[in-house]
Amino acid sequence: MRTAARHSRLADRPARSQGGLLAAGVLLLALLAPTPARADVGATIIQRCTHGQSLSGFSQQDYRRALQELPAEVEEYSDCANLIRRAQLAAAGGGGAGSSGAEGASAIALSPSERAALGRVPHAGGASLQVGGQLVRPGVVHANIASALSSLPTPLLATLAFLLACAIALAANAIRDRVRARRTR
């Protein structure tokens with residue numbers, strides 16, 4: 001019986017040591033596994049801007065990163081680029097309330113070069129201007145039917161031609177029926 005008890009204790013030992021090896025292996029894998037990356041701050045700023053949330057509380061580097069990562073469609077269809085720049089300016093100057101978020105839109109002063117460019121814009125009002133060798137009159141639209149048709153896509157032109165042919169066929173059928181109806185009177 002002693003040998004049986006001793007044998008069972010020896011049989012338990014490998015199971016315990018295998019459990020210890022398994023635990024050590026799991027611990028090693030947990031230490032070697034890459035840590036989940038922190039959410040991209042630039043994307044966070046862009047997301048907050050597109051959702052109309054405050055953009056304050058970020059560093060200059062974060063604002064620069066957000067401007068670099070700004071998708072073209074967000075830049076084109078929203079005012080996020082300006083709002084991020086305003087928040088960046090507010091953070092650089094100590095920040096004023098309302099100027100750092102999407103909820104407050106404040107005017108940015110023009111630079112001297114922008115003022116000079118604005119001063120060079122002609123104040124013609126309703127008078128005609130010479131642009132690219134052609135006289136342009138405000139409010140006058142020169143419509144050319146040939147250019148309007150040539151700018152249409154080919155499948156649309158084909159569909160219009162088919163509809164016109166169907167209308168002509170229906171009209172011809174109606175005229176033929178009227179002529180036959182008059183002859184039978």
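## Salt bridges and a buried helix face

Glu69 and Arg65 sit 4 residues apart in helix α3, so about one helical turn separates them. Their side chains meet in a salt bridge, with N to O at 3.4 Å. A salt bridge here is a side-chain nitrogen of Lys or Arg within 4 Å of a carboxyl oxygen of Asp or Glu.

Before going further, a word on the source: this is a predicted model, where local features need pLDDT of at least 70, side-chain atom pairs count only at pLDDT 80 or more, and totals for chains, interfaces and linings use all residues. Residues are numbered from 1 along each chain as its sequence is written, and side-chain values use heavy atoms, with hydrogens and water left out.

Back to the charges. Searching the whole structure turns up 3 salt bridges, and here they are:

| Pair | N to O distance |
|---|---|
| Glu69 and Arg65 | 3.4 Å |
| Arg65 and Asp40 | 3.5 Å |
| Asp177 and Arg176 | 3.8 Å |

Through shared partners, Asp40, Arg65 and Glu69 end up in one network. What does the salt bridge of Arg65 with Asp40 tie together? Arg65 is in helix α3 while Asp40 is in the loop between α1 and α2, so the pair links parts 25 residues apart in sequence. As for accessibility, buried means under 20% relative accessible area, exposed means over 50%, and partly exposed is in between (1.4 Å probe, protein chains only). Arg65 is partly exposed at 39%, as are Asp40 at 29% and Glu69 at 33%. In the remaining pair, Asp177 is partly exposed with 41%, and Arg176 is partly exposed with 42%.

Now for the overall layout. The protein chain has 8 helices and 2 strands, in the order α-α-α-α-α-α-β-β-α-α. Helices (H or I, at least four residues) and strands (E, at least two) are DSSP runs, numbered from the N terminus. Of the 185 residues in the protein chain, 13% are buried.

Some of that burial is in helix α2 (residues 41–50), where the buried residues are Val41, Gly42, Ile45, Ile46 and Cys49. Looking down the axis of α2, they fall within an arc of 140°, so they line one face of the helix; the arc is that of the directions from the helix axis to the C-beta atoms. The cover over them includes α3 (60–69) and α5 (80–92). From helix α3, Asp62 touches Val41, Gly42 and Ile45, leaving aside residues up to four places away in sequence. Contact means heavy atoms within 4.5 Å. Asp62 itself counts as buried, at 17% relative accessibility. Just after α2, Gly52 takes a positive phi of about 75°.

How much trust does the model place in all this? pLDDT is the predictor's confidence in each residue, from 0 to 100. Its mean over the protein chain is 75, and 62% of the residues reach 70 or more. Among the elements, helix α1 (residues 2–32) has the lowest mean pLDDT (56) and α8 the highest (93). Residues 96–105 stay under 50, and the model gives them 24 contacts beyond four places in sequence. Where pLDDT is low, the predicted coordinates should not be read in detail.
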